[in-house]
Amino acid sequence: MRVLAFGTYDTRLHPRVKGIIEGLEAHGHTVRELNLPLGLSTADKVSALKNPLRLPRLAFGMLSKWMRLAWQSRRFHGKNQPDAVLVGYMGHFDVVLARLLFPRTKIVLDHLISAAGTARDRGESQGLKIKLLAALDRLATRCADIVVTDTEEHRQQLPADALDRGVVALVGAPRDWFAVGPKEYVQRDTPRIVFYGLFTPLQGAPIIGRAIRILADRGVEAQITLIGDGQDAAEVKQLIEGLPVRWETWVEPEQLPAEVADHDICLGVFGTTSKALNVVPNKVYQGAAAGCAIVTSDTAPQRRVLGDNAVLVAPGDAEALADALQRLVEDPALLQRQRERARELANREFTPERLAAPIVERLS
């Protein structure tokens, strides 16, 4: 099967579509790309959708990319016509163009997040804006023949007319995360803990900040690295003020796998928002592939995906998170077992081949 990966996605910032492409190729399909990254993060796009004053920048950037995509799409017609078009992450607008350019081709939309759900998670509460974003979600899903979500909970949140077209494919991890995984585990005198992300409410970064403070008050020694910046970063900085925590606001995406693999424990998400309770985040899959023990929140989708291969704690509970980290830090044998179990699970379930399998089945 010939698949065209299409849109304005950015695999450096959002590797989900990269994993899907690698998985499709592993299943023997030919994947070509027609992609012009928009150069805006998810936060930028959500901000533009929430703030009308920022919409012109989004609209101008999108229009200029679309004109080039439409022009370049001519070479993918006739004898080069793809059997399916894959529209990458945050493709709410791109999928409309894909449907117009390839009206008789099967369209696959990677609907990893809903526009309305993401805006709610990031503090938007105005009814009109949420209604407009929900309408955008409905338009996007109606343009697709297959709508890919990451959890069953998110599939159930699709518009009613898209439920039957929904398919669940785990986020998984691209191959570069598996490539950095340790061949053998190194036992350090002081274990290393890492969290990386955009510091959005779903991630519950302030919970991590409180847990770090609790560990310090208990005299628990660990080397802690925080990577990223965002909405909740200022609060976290206040919570850990004066503590020897390494904080990097940015690590190049190509360097991030090796950076994470140099740690023993990778933290997931601990928020209590609706989105936080329905997601299995990138960092859980990636950290496991890189050979870290995983500590994340005990939610239905994470429990279903991870089982006993991760340490799960109650969402929003800093004390429980500190307790879990202390057990791992003070018990090297337990820490090594959890690292090995997470890595073994990743090798079985989180590879690009496994990620793409439900999509391949639906395309067939």
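Analyst: Threonine 141 counts as buried because its relative accessibility is 0%; buried means under 20% relative accessible area, exposed over 50%, and partly exposed in between, with a 1.4 Å probe and protein chains only. The model is predicted, so local features need pLDDT of at least 70 and side-chain atom pairs count only at pLDDT 80 or more, while totals for chains, interfaces and linings use all residues. Residues are numbered from 1 along each chain as its sequence is written, and side-chain values use heavy atoms, with hydrogens and water left out.

Threonine 141 lies in helix H6, residues 127-142; helices (H or I, at least four residues) and strands (E, at least two) are DSSP runs numbered from the N terminus. Leaving aside residues up to four places away in sequence, threonine 141 touches Leu109, His111, Val147, Leu158, Pro159, Ala162 and Arg165, where contact means heavy atoms within 4.5 Å.

Glutamine 156 is partly exposed, at a relative accessible area of 45%. It belongs to helix H7, residues 152-156, and its side chain makes a polar contact of 2.7 Å with the side chain of glutamate 152. A polar contact is a pair of N or O atoms within 3.5 Å; within protein, one must be able to donate a hydrogen and the other to accept it, and residues adjacent in sequence count only if both atoms are side-chain atoms. Between the C-alpha atoms of glutamine 156 and arginine 188, 32 residues apart along the chain, the separation is 44 Å.

Helix H9 (residues 205-218) has 14 residues and should span 20 Å at 1.5 Å a residue, which agrees with the 20 Å between its end C-alpha atoms; the expected span is 1.5 Å times one less than the number of residues. Among the buried residues of H9 are Pro206, Ile207, Ile208, Ile212, Ile214 and Leu215. The elements that cover its buried residues include strand S7 (192-197), strand S8 (223-228), helix H10 (233-239), strand S10 (265-267) and H14. Just after H9, glycine 219 has a positive phi of about 80°.

H14 (residues 318-330) also meets helix H15 (residues 332-349): their axes come within 5 Å and cross at roughly 105°. The two helices are therefore roughly perpendicular to each other. Arg327, Leu328 and Glu330 of H14 make the contact with Pro332, Leu334, Leu335 and Gln338 of H15. By class, these residues divide into four nonpolar, one polar and two charged.

In helix H12 (residues 282-289), seven of the eight residues are buried, so the helix is largely enclosed by the rest of the structure. The buried residues are Lys283, Val284, Tyr285, Gln286, Gly287, Ala288 and Ala289. Just after H12, glycine 291 takes a positive phi of about 95°.

Two residues other than glycine also deserve a look. Most residues other than glycine have a negative phi. Methionine 90 has a positive phi of about 60° without being a glycine, and is found in the loop between strand S3 (84-87) and helix H4 (94-101). With 12% relative accessibility, methionine 90 counts as buried. Phenylalanine 199, likewise not a glycine, has a positive phi near 55° and sits in the loop between S7 and H9. At 0% relative accessibility, phenylalanine 199 counts as buried.

Notes:
Axes fitted to C-alpha atoms, helices over the stretch in contact; angles between N-to-C directions. Parallel < 35°, antiparallel > 145°, perpendicular 65-115°, else oblique. Nonpolar A, V, L, I, M, F, W, Y, C, P; charged D, E, K, R; others polar.
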